[in-house]
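Here is a short report for a reader meeting this structure for the first time. Please look over the sequence and the model, then read on.

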Amino acid sequence: MEYDIRIGLEVHCELNTKSKMFCSCKNSFGDSPNENCCPVCTGLPGALPSLNKEAVKKAIKTGLALNCQINNNTYLDRKNYFYPDLPKAYQISQFYEPICQNGYLEILDNDIIKKIRIKEIHFEEDAGKLIHDRYDDLTLIDYNRCGVPLIEIVTMPDIENINQAKEFLDGIKLLLKYIGVSECKMEQGMLRCDVNVSVMEKGSETLGNRLEMKNINSFSAAIKAIEYEAKRQIEELRKGNKIISQTRKWDSINEKSVLMRDKEESADYRFFKEPDIPFIEIDDKIISEIKREIPILPFERFLTYTKKYNLSKDDAMTLIRDKEKSDFFDKCVLINNNYKIISNKIINDFAKISPEEFCRVIDFVNEGRISNSSVGKIFQEMEKNNISASDALDNLGLNQINDENYIEEIIKTVLEENEKAVEDFKNGKKNAVGFLIGQCMIKSKGKLNPQILNSMIYKIIEKGE
Ligand SMILES: [Zn+2]
């Protein structure tokens with residue numbers, strides 16, 4: 001029996017607002033424990049929350065970047081449960097009217113574009129952090145993270161294999177960075193992910209029972225968890241066993257999933273509208289203002305770079321992973337159409353100079369005035385003295401072709417093309433070198449510095465033996 005796998009992901013993303021979701025405490029990582037706390041985020045009686053506008057804007061921006069519909073009238077809900085890291089004994093979240101719905105993210109799976117549908121994006125607030133390993137007999141709690149704004153991006157179970165899961169997670173992380181809503185530092189827990197895996201007979205329309213693994217704090221662990229869980233479920237089905245809906249925990253040290261509890265139902269959380277926060281009305285004017293702030297997104301850049309500019313996938317991704325480089329490239333290609341040279345130089349010799357001046361240097365290479373390997377030196381000279389490309393060329397004396405790298409390239413080509421003359425020279429016909437020097441001069445249109453050429457050509461012929 002063959003099986004199909006269906007994966008759904010829930011990505012939790014901490015928003016990079018200055019203050020927390022419902023109070024004015026600082027939203028910052030790494031401060032001393034319980035430094036950024038107040039009666040609101042520690043749930044003291046009588047404290048009232050007020051909503052962070054910036055968090056709402058950032059959630060809308062994420063929704064727009066993921067092609068979602070924005071809910072003009074939305075509100076927050078209480079999700080009731082007790083855990084020591086949640087002092088209010090409820091989390092302010094969204095259940096009934098998520099702020100964004102029905103979007104998608106496009107990914108590439110073996111050269112085929114696939115849309116992964118986004119079911120919804122909703123608000124959550126983060127919980128505190130339990131510290132278990134400081135003392136043997138007690139657990140410490142740091143409430144600094146309590147009330148930090150989170151959005152949860154929930155996909156439909158559209159992901160069919162490991163590669164698609166990887167592409168989706170990489171794609172979403174890059175997108176969140178591009179639109180500037182999160183720093184996405186995984187080592188600081190800014191992105192976490194829940195994974196749902198189900199398995200069904202190949203071709204079946206009905207999804208198998210869903211298994212959820214919560215709070216996986218690295219994408220590589222998420223991928224391992226999916227691989228493990230899909231394999232485990234297929235083995236169970238092959239043995240004739242049934243898959244029961246469960247919440248399992250991913251044990252990243254032993255790399256296996258272990259049962260946490262039977263799957264809880266949403267009714268268990270007794271969701272109801274948060275009474276302390278008014279309805280959120282979002283007018284279309286604000287939505288279109290936010291829309292204008294969204295840059296061209298990574299996937300669109302990827303298609304343009306590979307299809308229109310013919311860059312390799314690797315080069316395109318190297319540029320795109322660094323938004324500054326990608327923006328720089330985009331400006332250069334408006335001025336100059338040597339796409340491959342430009343991308344190469346940005347990737348290898350990126351300098352903080354204007355696209356116009358940067359492209360002048362590209363032209364020097366194209367015109368044969370300098371060698372590829374001198375480009376780095378010119379950039380250094382330009383940066384050091386804050387001068388133009390041609391001034392740097394003058395300063396370095398590269399205008400008259402004193403560039404040893406370039407001369408060496410010419411000599412080597414001439415030697416390859418005139419094996420007989422080289423052979424003659426080695427057999428004692430010393431004047432054969434005059435012929436070779438002449439050929440170098442013809443090739444460079446007479447621009448090579450003759451002294452340098454003269455001293456180099458002997459060395460290169462000797463080295464070639
Ligand atoms: Zn607070």
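Where is the place of Y309? Y309 sits in the loop between α5 and α6.

## Basis of the report

This is a predicted model, in which local features need pLDDT of at least 70 and side-chain atom pairs count only at pLDDT 80 or more, while totals for chains, interfaces and linings use all residues. Residues are numbered from 1 along each chain as its sequence is written, and side-chain values use heavy atoms, with hydrogens and water left out. Helices (H or I, at least four residues) and strands (E, at least two) are DSSP runs, numbered from the N terminus.

## Y309 and its partner

The rings of Y309 and Y339 form a tilted pair, because their centres are 4.4 Å apart and their planes are at 40°. Rings of Phe, Tyr and Trp (its six-membered ring) pair if their centres lie within 6.5 Å; planes under 30 degrees apart count as stacked, over 60 as edge-to-face and the rest as tilted. Y339 belongs to helix α8 (residues 339-349).

Y309 counts as buried, at 10% relative accessibility. Y339 counts as partly exposed, at 24%. Here buried means under 20% relative accessible area, exposed over 50%, and partly exposed in between (1.4 Å probe, protein chains only). Leaving out residues up to four places away in sequence, Y309 touches T304, F329, V333 and Y339. Contact means heavy atoms within 4.5 Å.

## Other aromatic pairs

How many aromatic pairs does the count come to? The count is 13. One of them joins Y75 and F279: it is edge-to-face, because the ring centres are 5.4 Å apart and the planes are at 80°. Y75 lies in the loop between β3 (73-74) and β4 (77-80), and F279 in the loop between β15 (272-273) and β16 (280-281), so the pair ties together parts 204 residues apart in sequence. Y75 is buried at 15% relative accessibility, whereas F279 is exposed at 54%.

Ring pairs also link Y81, F95, Y96, Y269 and F271 into a cluster.

## Helix packing

Two packed helices are described by the angle between their axes and the distance between the axes. Axes are lines fitted to C-alpha atoms, for helices over the stretch in contact, and angles run from 0 to 180 degrees between N-to-C directions.

Helix α14 (residues 432-443) packs against helix α15 (residues 450-463) at about 125°, with axes 11 Å apart. The two are therefore oblique to each other. Angles under 35 degrees count as roughly parallel, over 145 as roughly antiparallel, 65 to 115 as roughly perpendicular and the rest as oblique. On the α14 side, V433, L436, I437, C440 and M441 take part. They meet P450, L453, N454, I457, Y458 and I461 in α15. This contact has 10 nonpolar, 1 polar and no charged residues. Ala, Val, Leu, Ile, Met, Phe, Trp, Tyr, Cys and Pro count as nonpolar, Asp, Glu, Lys and Arg as charged, and the others, Gly among them, as polar.

Helix α12 (residues 404-417) packs with α14 at about 120°, with axes 9 Å apart. That makes α12 oblique to α14. I410, I411, T413, V414, L415 and E417 of α12 make the contact with L436, Q439, C440 and K443 of α14. By class, there are 6 nonpolar, 2 polar and 2 charged residues.

## R192

R192 is in strand β11 (residues 191-201). R192 is buried, with a relative accessible area of 8%. Its contacts include E10, H12, D126 and N215.
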